[in-house]
Amino acid sequence: MPKKKTTAATMPGESTRILLSRSRVQTRIATLAREINRDFRDEPVHLVGVLKGAIFFLADLARHMSGEVSLDFISVSSYGKETQSSGQVRLTKDLDTSIEGRNVLLVEDILDTGLTVSYLLRVLEQRRPKRLRVAVLLDKTERRKVPVSADYVGFRIPNEFVVGYGLDYAERYRNLADVCVLSLHGKAKKEGAV
Ligand code: IMP
């Protein structure tokens, strides 16, 4: 079957192919939102999005949820311009409000090695939320370095470097509506890229 092409404006030596179409992503997020509402029994839910990759996922998830939803954002040091994790996680932007006694749902784009989510869970747990749960759009289970899992997973994906729907390569491709696999041709290949 021919590979589906994207309309992404790629750089020389880079190409993308659709892994998860925008409609599959939207359908799955609607289902996740229903599960989350059911589990939290329509109590207020405070969504904490991890900048910048989770913004589209958080925005669509929030719009599919019913009941009282509030939002905040946190930022950590991440891959930067490489496709390989440095293994170092550092808080670069903290939350604006306290989460003590609240139902918190940490919203992340992808669980890869697990270092980011396990670090954030440690940080947030210390602030005594009523409940702390994790939602990720994508899960690359085979890349895990620390034992951590999400309560809500959009899709389990193979070990391929993906971009789009918030995910970037060197800050590009976040605006693609589909989740795409990025291939690098004739460039120094980094871990995780194909
Ligand atoms: P972890 O700490 O290794 O689990 O990585 C989490 C972060 O790495 C995510 O929030 C992403 O920013 C980035 N990341 C991991 N895999 C990918 C990928 O396939 N494409 C783009 N970014 C990724």
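**Close-up views of a predicted model**

**View 1. Packing of helix α1 against helix α2.** Helix α1 (residues 22-39) and helix α2 (residues 55-64) pack at an angle of about 55°, and their axes are 8 Å apart, where axes are lines fitted to C-alpha atoms over the stretch in contact and angles run from 0 to 180 degrees between N-to-C directions. That makes α1 oblique to α2, because angles under 35 degrees count as roughly parallel, over 145 as roughly antiparallel, 65 to 115 as roughly perpendicular and the rest as oblique. Helices (H or I, at least four residues) and strands (E, at least two) are DSSP runs, numbered from the N terminus. This is a predicted model, in which local features need pLDDT of at least 70 and side-chain atom pairs count only at pLDDT 80 or more, whereas totals for chains, interfaces and linings use all residues. Residues are numbered from 1 along each chain as its sequence is written, and side-chain values use heavy atoms, with hydrogens and water left out.

View 2. A ligand oxygen atom is 2.4 Å from an N or O atom in the side chain of threonine 113, and a ligand oxygen atom is 2.9 Å from a polar backbone atom of aspartate 112.

**View 3. Backbone details in two loops.** A cis peptide bond, with omega about -5°, joins leucine 51 and lysine 52, and lysine 52 has its place in the loop between β2 (45-51) and α2. Arginine 128, in the loop between α3 (115-125) and β6 (131-139), has a positive phi near 55°.

Terms used. A polar contact is a pair of N or O atoms within 3.5 Å; within protein, one must be able to donate a hydrogen and the other to accept it, and residues adjacent in sequence count only if both atoms are side-chain atoms.
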